Each structure stands twice: as structure tokens, then as C-alpha cells.
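Hello,

Here is the structure I promised to pass on to you. Please open it beside this email, and then read on for what turned up.

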Amino acid sequence: MKSRVLIVDDDPFTRKLFQGLLRGNAFALQTAINVADARKALRATDFNLVILDQRLPDGNGLDLFSEVRSERPRQLAILITGHAEVRDAVRAVREGLFDYLTKPFENLEELEAVIGKALEMDRAYREIDILRETLEARPGAPLIISCSSAMEKVMLEVRQAAPLDTTVLIDGESGTGKEIIAKQIHALSKRAKQPLLEINCGALPESLLEATLFGYEKGAFTSAAKMTSGYFEEADGGTLFLDEIADMSPKLQASLLRVLQERSFARLGSTVQRPSDFRLICATNKSLELEMQAGNFRADLYYRINVVVVRLPPLRQRREDVVPMALFFLDYFNRKFGKQAGPFTPEAIAALECAPWPGNVRELKHAVERAVVINADGPIAPSSFGILGKGLPSITESASLLPYREAQEDFQRAYFKNLLESTDGNISEAARLSGIARQNVYGHIERLGLVMKS
Ligand SMILES: Nc1ncnc2c1ncn2[C@@H]1O[C@H](COP(=O)(O)OP(=O)(O)OP(=O)(O)O)[C@@H](O)[C@H]1O
Ligand SMILES: [Mg+2]
């Protein structure tokens, strides 16, 4: 599929430049020389990206952009400005433009990189829409982002195992998506219309977990005021999801094994065996092999639940998922809170891609939620991600090859840009955060040619 790009500029040289930059089979280019022309093109075609000049013969590129965005809130656009207009452009980026480029262009690689990032983001948005559409047709199934090859492999295993009645063990670090995968397996199984019962074996004391799983007769223990059915009974015909199975006590491991062998159970306080046909899914963030070797987990139970194993890789080992997930969560929280935060600035995207994510998807989800909550509507800078954005700009490979003075300048520019973005241009706040005197903050901004918010 070609990327459809619209270039709006009255200057033939600039149009040529972009045509040269974006030539080849991957692109379908259109050009417009004024606002009227651009409107016509935008009405006819759904563009992946619009590159537009700020000053057009019959109007202003920014106004045109606002117009487009009111109809297509996710339209990605890059604004071209002259140096004098940068102040407006910065404001525009705050209003939802993807990025801006200043004329004359000095660095074509930067142009290409910005365009590439914008198109990547557009692709991710569209993938999420397609996912949502397919899933709306299948209520109950969770939306799972799987753009990396590692996750594609996992999803293939899930699709293969789901319709069979086999026991599935889901193994993965905390926050990698074990629960969402368990829900998906249930949703894609023949039992989808029957109940899915989930319980975290690590969260309850042994006796409570036992009562919850087995149910009890009236008077089985002091507080058993009336007969209560347990999960083994309730999950009959459906699925039982035992989360953090490694935390189950030895006694309960033995009882569970018996239930799995006999395919029946007895409520506490009763000897009547009742059959139950449930499909078992277990999850663990500890290695069951190690727990078994350490004598904490029964080998016979291990072999019974270790039939089909789905291993969820940590997020740091599937970085291609990070940006699509971040966009997906952005969309999710915008809907949830009735906001229009976003898009992420290119710097924010870079920060997301590089972060180590020890808390995996859950951490990423919280980081985006926080960014949506603390941001006004409009672009999200790296500083919105909490600790992640507070880190210093990383040294790029090329920077380490620059003369020290230039590398230092690059660093300073990135630092102050980040600082100003995170304080929304407020110099006093920037001075406070950086520990640099107000006067000196001004000095740096001027020397580095950075723009201040008016
Ligand atoms: N591939 C994914 N696509 C979309 N959302 C995801 C994905 N993976 C995880 N999530 C979301 O991230 C959060 C954490 O996932 P989940 O609770 O399934 O992880 P977990 O492995 O069970 O974590 P824990 O071990 O801490 O219980 C959930 O809100 C879940 O919906
Ligand atoms: Mg979980």
C-alpha cells in the first residue's frame, strides 16, 4: 500500500524538493499550490500525511490544518515555516500538528526522518482502527496489539490453542499481558458464551482460596451461613483461569491435582463428588520449573498444566509493539476522559521506544494515562511520561563523533527544548526545575536560537 502524501506549497522549488525526496514506489504524491487547491484534494483523498506551507497565496496553512483536523482529528501534518514564523509553528505543534520544519532546509536527513515518523504513526493509527473494527464484530474479545514478530507468534499460538480444550499455561513477567491473553483464549474458544472465572492464587489466604474454588455447604465452617457454589462448579461448561498458580499452597496443589484427575470435586463439608467440565488456563510470572526444582511446586501438577505453554516476551524484547500500544492507549484514555491529547511529538516517540519498561505493558499503559491526564489537549512531549522524560537526552551515535563543542551544543539544545516544552515555556519554572538562574536560562535560549512561547 502506497503512502498518500499531499504537498501544499506555492513555491515550485519546495514542491520539487519533496517530490525528489519522496519519489519511488512507496509513495503516491499529490501537490497543491494554494488553500483552495488543497481543500479539493483533501475532499477527494484520505491522505496519510499532509505537508503544508504556512504562508499560501490565498490563506494560511495553519488555518487549513485546523479546518482539516476538525473533520479528521488524526490527520497527520507537517508545517513548513520560515525562520521568522517559528513562534507560530511552535504554537501549532501544541495544537496538534505532528511537527514543523523551517525553511531553508539544511538537513535533508532530518526531513526524511520526520516524514518517516509521521507515516509510521499514521500506519499505527490505521492498524488500531482495523483491529477495533474486526473486534467489534466479536464482542467480549479484548483488543490486543501485536505488531512485533514475537507477539505475532504468540497470537498464532493463541489462535491455534483457543478452540481446542487443552490446558494452557501462560508464562511471562509481570505486566506482559497474561490476563488479557487468558481472556482472549476464552473469547476465541467454543466456550466463549459460557462464563470465565478468574482467581489470583497469590492474593487469597489458603482457606479462602479453597472455599472460593470448591464452594461449601451450609455449616461447613463457622461462617458458612448458606450453601455457596465455588468456581469449579460455576466454571462448568466454561473456563477457569488460575492466575499466579505458583503461589498455590502445597495442600491446595494436591486438591487441584485430584480435581483435574477426576474431573470432579466436592464442596467443602460434603463428600458428594460433582462432575465439572471446565477448561483450565493457568498463568505464572515465576518459573514453574525452578519452583518445582526448589520443591515448592508439585511435579505431577506441573506436568498436568504444562500442556500448551504460551510465553509472553517482556516488552523490551518486542520494541516494535511500543509505539502502536502507546497510540492505542492514547486513544483509549482520550475516549475515557473525553480529551484530545496527542499526538506524541517525535521526541516523545523516541523516548517511548528507548525506555526499558521494567513493568512492561502495564507500565506503558500507566505512563500514557498519566500523560493524557496531565496534558492539556494537544501534543505530548517526553516530559509527560514522568521519570522517563526527566532523563537527559541520550547521546546519539553521531553525536559521539562530533567535535566536543558541537556535541555539547546539541545536548544543550535538546535539553533546553525539552525543558521549555515541559514547562510550557514558563521561564521561572524552567529555572526552578533545572537549577539554573533565570537570567542564564534566557541566555542559553538566546544563544541556542530556541523559540520562546509568546
Ligand atoms: N498486547 C496488548 N495489547 C493491548 N493491551 C495490552 C496488551 N498487553 C497487555 N495489555 C494491557 O496491559 C495491562 C497489563 O496486562 P495484564 O494485566 O494482562 O498483564 P499480566 O501479565 O496479567 O500482569 P501481572 O503479572 O501484573 O498480573 C492490562 O491493562 C492489559 O489490558
Ligand atoms: Mg495478571
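A polar contact is a pair of N or O atoms within 3.5 Å; within protein, one must be able to donate a hydrogen and the other to accept it, and residues adjacent in sequence count only if both atoms are side-chain atoms. Keep in mind that this is a predicted model, in which local features need pLDDT of at least 70 and side-chain atom pairs count only at pLDDT 80 or more, while totals for chains, interfaces and linings use all residues. Residues are numbered from 1 along each chain as its sequence is written, chains are lettered from A and ligands numbered from 1 in the order in which they are written, and side-chain values use heavy atoms, with hydrogens and water left out.

Let's start with the ligand. A nitrogen atom of ligand 1 is 2.9 Å from a polar backbone atom of Ile145. Gly175 has a polar backbone atom 2.9 Å from an oxygen atom of ligand 1, and a backbone N or O atom of Gly177 lies 3.0 Å from an oxygen atom of the ligand. Taken alone, ligand 1 exposes 630 Å², and the protein buries 87% of that (Shrake-Rupley method, 1.4 Å probe).

Around ligand 1 there are 18 residues (each with a heavy atom within 4 Å of it). The closest are Ser174, Gly175, Lys178, Arg362 and Lys365. Helix 7 (178–187), helix 13 (322–337) and helix 15 (360–374) each supply at least two residues of this shell (helices are DSSP runs of H or I, at least four residues; strands are runs of E, at least two). Where does ligand 1 lie relative to domain 2 and domain 3? Domain 2 (149–315) and domain 3 (335–447) both give residues to the shell, so ligand 1 lies between them (the bounds come from an automatic or database domain assignment).

Now for the backbone. The peptide bond from Lys103 to Pro104 is cis, with omega near -5°; Pro104 is in the loop between strand 7 (99–103) and helix 5 (108–136). Another cis peptide bond joins Gly342 and Pro343, with omega about 5°, and Pro343 is in strand 17 (residues 341–344).

Happy exploring!
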